Amino acid sequence: MSGYDDVITKLDDAARLALEVPQFDKESKLSLADAYGIQSASIARRLARGERRVGVKMGFTSRAKMVQMGLSDVIWGRLTDAMYFEEGTDVPRSRFVHPRVEPELAFLLKKPLGGKVAGVEALAAVEAIAPALEIIDSRYRDFKFTLPEVIADNASSSGFVVGGWHAPDQDFSNLGLVMCIDGRAVQIGSTAALLGDPLRSLVAAARVAAAAGEPLQAGWIVLAGGATPAEWIHPGQHISLRMQGLGSVGFQMV
Ligand code: OOG
Ligand code: MG
């Protein structure tokens, strides 16, 4: 991504050091291809520092998220092992600029998946599904961005916690969910909020990842997107998600 070295360095430093940066493309002039190029180049730097690629996250796959952030195109980002928090480990506030949390469904793949696939084909590649909490942390001041900007910033990826894995042998197209902060329900919803069926989010992930030359791999995790608006989180809080039929996942922010 020649010509964008400065932006790549700023975004990579911001993610690494939990610093906020000003918006650099308020008029949305950057092409989406260049925005994904910046994302790819900044992830390449993380991989060069020893991080390992572990999957893909989808964004704006629910109306709730589109409305909250004022954008209406599905986006995607790259997950690395450094973003993964084992359930039960404390999540330090110092790792983030201004973290938010949202309820998601996670897929674990047992086969590679890429290109234009049908839902049944995508389902056949799924080893397991689990409730997940995604911690998003836009590096932009005030969590405000345009579409190219959020794409360049790896779709605000910064952390995720995954609950117990379950075989994908139950209908997961419309599972009720409740996200709680300190035991108080703050968001309720359903996996049906994700493109009408979260499997469609996996199908979309297979398509965009392959188009980027990085087809989904066995062992990778795909986060299907926030099913409800995201909530701000603060040290001292316990965040949990209960999903119908799939149990709970939670973490403590310290
Ligand atoms: C962008 C990331 C969107 C989702 O699940 O919709 C996303 C953001 O809201 O900062 O992760
Ligand atoms: Mg998300």
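The following legends describe close-up views of a predicted model.

Residues are numbered from 1 along each chain as its sequence is written, while chains are lettered from A and ligands numbered from 1 in the order in which they are written. Because the model is predicted, local features need pLDDT of at least 70 and side-chain atom pairs count only at pLDDT 80 or more, whereas totals for chains, interfaces and linings use all residues; side-chain values use heavy atoms, with hydrogens and water left out.

**Figure 1. The shell of residues around ligand 1.** Helices (H or I, at least four residues) and strands (E, at least two) are DSSP runs, numbered from the N terminus.

**Figure 2. Polar atoms of the protein beside the oxygen atoms of ligand 1.** A polar side-chain atom of S156 is 2.7 Å from an oxygen atom of ligand 1. The backbone takes part at two further residues: a polar backbone atom of G226 lies 2.7 Å from an oxygen atom of the ligand, and a backbone N or O atom of F60 lies 2.8 Å from an oxygen atom of ligand 1. Of the 320 Å² of accessible area that ligand 1 has on its own, the protein covers 100%. Accessible areas come from the Shrake-Rupley method with a 1.4 Å probe; for residues, only the protein chains shown count as cover.

Figure 3. E102 is found in strand 3 and is buried, with a relative accessible area of 3%. Buried means under 20% relative accessible area, exposed over 50%, and partly exposed in between (1.4 Å probe, protein chains only). The side chains of E102 and K65 are joined by a polar contact of 2.8 Å. A polar contact is a pair of N or O atoms within 3.5 Å; within protein, one must be able to donate a hydrogen and the other to accept it, and residues adjacent in sequence count only if both atoms are side-chain atoms.

Figure 4. Most residues other than glycine have a negative phi. S28, which is not a glycine, has a positive phi of about 60°. S28 is placed in the loop between helix 1 (5–17) and helix 2 (32–48), where S28 counts as partly exposed at 38% relative accessibility. For F143, phi is near 60°, again a positive value in a residue other than glycine. F143 lies in the loop between strand 4 and helix 5 (147–152) and, at 4% relative accessibility, counts as buried.

**Figure 5. The loop residue T191.** T191 is placed in the loop between strand 7 (184–190) and helix 6 (198–211). With 1% relative accessibility, T191 counts as buried. The side chain of T191 reaches the backbone oxygen of F172 at 2.9 Å.

**Figure 6. D90 and M253, separated along the chain.** D90 is placed in the loop between strand 2 and strand 3 and is partly exposed, with a relative accessible area of 47%. D90 and M253 are 163 residues apart along the chain, and their C-alpha atoms are separated by 5.9 Å.

Figure 7. V208 has its place in helix 6 and is buried, with a relative accessible area of 18%. Between V208 and L123, 85 residues apart along the chain, the C-alpha separation is 17 Å. V162 is found in strand 5 (residues 157–162) and is likewise buried, its relative accessible area being 6%. V162 and R46 are 116 residues apart in sequence and, C-alpha to C-alpha, 22 Å apart in space.
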